[in-house]
Amino acid sequence: MKIIIGADVVPTKNNERMFETGNIEKIVDDNILDLIKNADYRVFNLETPLVNKISPIEKNGPNLAASVKSAVGIKALGADLLTVANNHIMDQGVKGLNSTLKTLSEIDIDYVGVGENIQNMKHTHIIENGGKKIGIYACAEHEFSIADEKTPGANPFDPLESMEHILNLKNVCDYVIVLYHGGKEHYRYPSPQLQKICRKMAEKGADLVICQHSHCIGCMEKYNNATIVYGQGNFIFAGADNEYWNTSLLITVDTDSENSVSYIPICRNGASVRHANVAEAEKILE
């Protein structure tokens with residue numbers, strides 16, 4: 001099974017109208033769209049709530065929001081699964097979360113990494129294909145979006161519980177992908193603590209661990225027969241204009257191949273993204 005994974009997707013003022021009308025070809029170039037179309041399964045990180053009316057919570061940092069109509073473009077992108085375990089999914093409070101999940105259900109896009117409380121948490125999603133099971137686990141570091149005993153929100157990374165979740169998932173799946181929303185923004189390397197966390201995930205059964213929070217491409221390592229990527233960069237998120245935000249990776253996974261993980265370098269072009277040319281790709285991967 002060939003899976004393609006993209007990181008942060010956030011409709012912003014300069015492309016929200018294109019999302020709303022489904023003109024995804026104006027946001028993503030044909031080369032990338034072909035790669036997405038030819039995959040068997042497509043996973044992206046929805047880094048914003050989808051709302052008709054904003055109701056921002058009190059927090060440090062930006063309160064993100066995109067229109068409910070933006071889901072038209074997300075559907076046109078071909079998303080099969082959206083991870084919502086991130087630090088922005090609760091930016092518009094419980095109403096914003098409920099609006100987002102209702103919208104995704106209406107357009108038949110699955111989601112993972114959120115729940116009505118810590119006991120009722122959708123932290124895992126399993127895909128069945130050709131007699132094999134691929135498990136996806138999504139969690140986030142603690143910021144302003146985390147669920148607790150009584151409050152909805154994102155699935156928190158817990159050094160004890162999360163490792164058990166991954167182990168249990170590996171016991172019923174042939175291949176396990178962990179999408180970990182954490183790390184230091186605009187920093188390309190893991191802290192010693194982050195490396196310990198990701199390596200432990202590999203020891204517990206993860207075949208691929210991807211960190212999706214830093215807004216930049218990080219580094220990678222092979223550990224315990226797993227691949228760990230410490231930073232994927234954004235996918236569609238027209239934020240800062242700097243070396244970090246202007247390049248990123250799509251990651252492809254072929255669960256039937258020994259060399260299962262490969263990288264597709266992409267470049268931001270204003271409000272849109274394009275496939276990197278040969279020279280750009282070589283520099284990005286280096």
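**Exposure and salt bridges**

A: E280 is partly exposed, because its relative accessible area is 24%, where buried means under 20%, exposed over 50% and partly exposed in between (1.4 Å probe, protein chains only). This is a predicted model, in which local features need pLDDT of at least 70 and side-chain atom pairs count only at pLDDT 80 or more, while totals for chains, interfaces and linings use all residues. Residues are numbered from 1 along each chain as its sequence is written, and side-chain values use heavy atoms, leaving out hydrogens and water.

Q: Which residue does E280 meet in a salt bridge?

A: A salt bridge is a side-chain nitrogen of Lys or Arg within 4 Å of a carboxyl oxygen of Asp or Glu, and here E280 meets R274 at 2.8 Å, N to O. R274 is partly exposed as well, with a relative accessible area of 27%.

Q: How many salt bridges are there by this rule?

A: The count comes to 10, and one of them joins K102 and E106 at 2.6 Å, N to O. Both residues lie in helix α4 (residues 93–106), four residues apart, or about one turn of the helix, a helix being a DSSP run (H or I, at least four residues) numbered from the N terminus. K102 counts as exposed at 54% relative accessibility, and E106 is exposed at 55%.

Terms used:
Helix = DSSP H or I, 4+ residues; strand = E, 2+ residues; numbered from the N terminus.
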